[in-house]
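Reader: Can you take me through this one? I would like to go over the fold, the rings and the confidence.

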Amino acid sequence: GWPAFTFSNMICLLCYIIIIIHSNYSIQLIFYLRVMRNSQKGDWSFMKQYNPSDIINVALVGHGSSGKTSLAEAMLFLCKETERMGKVNDSTTFTDFDPEEKKRKISLSASIVSTEFEGKKLNIIDAPGLFDFAAGMHEAVRAADTALIVLSGKSGVNVGSEIAYDLAAENNIPRAFFVSKLDSPRAHFYKIMSMLVGKYGSKIC
């Protein structure tokens, strides 16, 4: 039969549906994360129940074309949410679902996908990296518990990654770096590490 809802849960779900219809993606993102946290207090039997402490919102941030969307795809694949990894160039990624994103092959707004890892629910927020859409990065970091700053193994530390690091620091959330595109002939992991140590010193392990 249908799951039992409390009155407050019904109101919460109705508000979310209204926001989907009338609002932009960024507002949907923040509201969705709040719904996911608040639902743990109710009786939403149609979704797996998690303790609030077992829900982690991770923002993938950094410079444009650093590999954030591809990393989100890899995380979904490794957690067995998908049978194969989507590719940005093929317009088959989960987080770049907007027709304009598929056409331009870039992220234009923050989007979210969810998975489970070692009993924890991960809400993965793929934030845009281009400066024209910087609001998406700000919104993603505000909703996140942790910022994963993605660096290209070819270009390393740049303006976009510095902005992402500073933004995460301002919001007082943990930061970590991920070096992508290491399969490229021009990638150099130890060079990137030297850049990070030179920029952030002892904060880099």
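Reader: Which strands does helix H7 lie across, and at about what angle to S5 does it run?

Author: This is a predicted model. In it, helix H7, residues 189-200, lies across S4 and S5 and runs at about 155° to S5.

Reader: What is the order of the strands in the sheet?

Author: The order is S2-S3-S1-S4-S5, five strands in an open sheet with mixed pairing. Strand S2 (111-117) and S5 are the edge strands, each pairing on one side only. From one strand to the next, the twist averages 25°.

Reader: How many bridges join S1 to S3?

Author: Six, between strand S1 (residues 55-62) and strand S3 (residues 120-126), and the two run parallel. One of the residues involved is Ile 55, whose bridge partner in S3 is Lys 121.

Reader: Which helix lies across S1 and S3?

Author: Helix H5, residues 134-143, running at about 155° to S1.

Reader: Rings next. How many aromatic pairs are there?

Author: The structure holds four. One of them is Tyr 165 with Phe 177, a stacked pair with 5.9 Å centre to centre and 5° between the planes. Tyr 165 is in helix H6 (residues 159-170) and Phe 177 in strand S5 (residues 175-180), so the pair links distant parts of the chain, twelve residues apart.

Reader: Are those two buried or exposed?

Author: Tyr 165 counts as buried, because its relative accessibility is 8% and the cut-off for buried is under 20%. Phe 177 has a relative accessible area of 23%, so it is partly exposed.

Reader: And why is the pair of Phe 189 and Tyr 190 edge-to-face?

Author: Because the planes of Phe 189 and Tyr 190 are at 80°, with the centres 5.4 Å apart, and planes over 60 degrees apart count as edge-to-face. Phe 189 is partly exposed at 35% relative accessibility, while Tyr 190 is exposed at 62%.

Reader: Back to Tyr 165. Which residues do ring pairs link into a cluster?

Author: Tyr 165, Phe 177 and Tyr 200. Tyr 165 also has a charge over its ring: the charged end of Arg 175 sits there, 5.0 Å from the ring centre.

Reader: Now confidence. Where is it lowest and where highest?

Author: Lowest in helix H2 (residues 25-38), at a mean of 49, and highest in strand S4 (residues 146-152), at 97. The chain averages a pLDDT of 82, and 77% of the residues score at least 70.

Reader: Where does pLDDT stay under 50?

Author: Residues 1-5 are one such stretch, with seven contacts beyond four places in sequence in the model. Residues 37-46 also stay under 50, and there the model has 24 such contacts.

Conventions: Residues numbered from 1 in each chain as written. Predicted model: local features only at pLDDT ≥ 70, side-chain atom pairs only at ≥ 80, totals over all residues. Heavy atoms only, no water. Phe/Tyr/Trp six-rings, centres within 6.5 Å; stacked < 30°, edge-to-face > 60°. Helix = DSSP H or I, 4+ residues; strand = E, 2+ residues; numbered from the N terminus. Buried < 20%, exposed > 50% of the residue type's maximum accessible area, 1.4 Å probe, protein only. Lys NZ or Arg CZ within 6 Å of the ring centre and 35° of its normal. pLDDT = per-residue confidence, 0-100. Contact = heavy atoms within 4.5 Å. Pairing = 2+ DSSP bridges. Axes fitted to C-alpha atoms, helices over the stretch in contact; angles between N-to-C directions.
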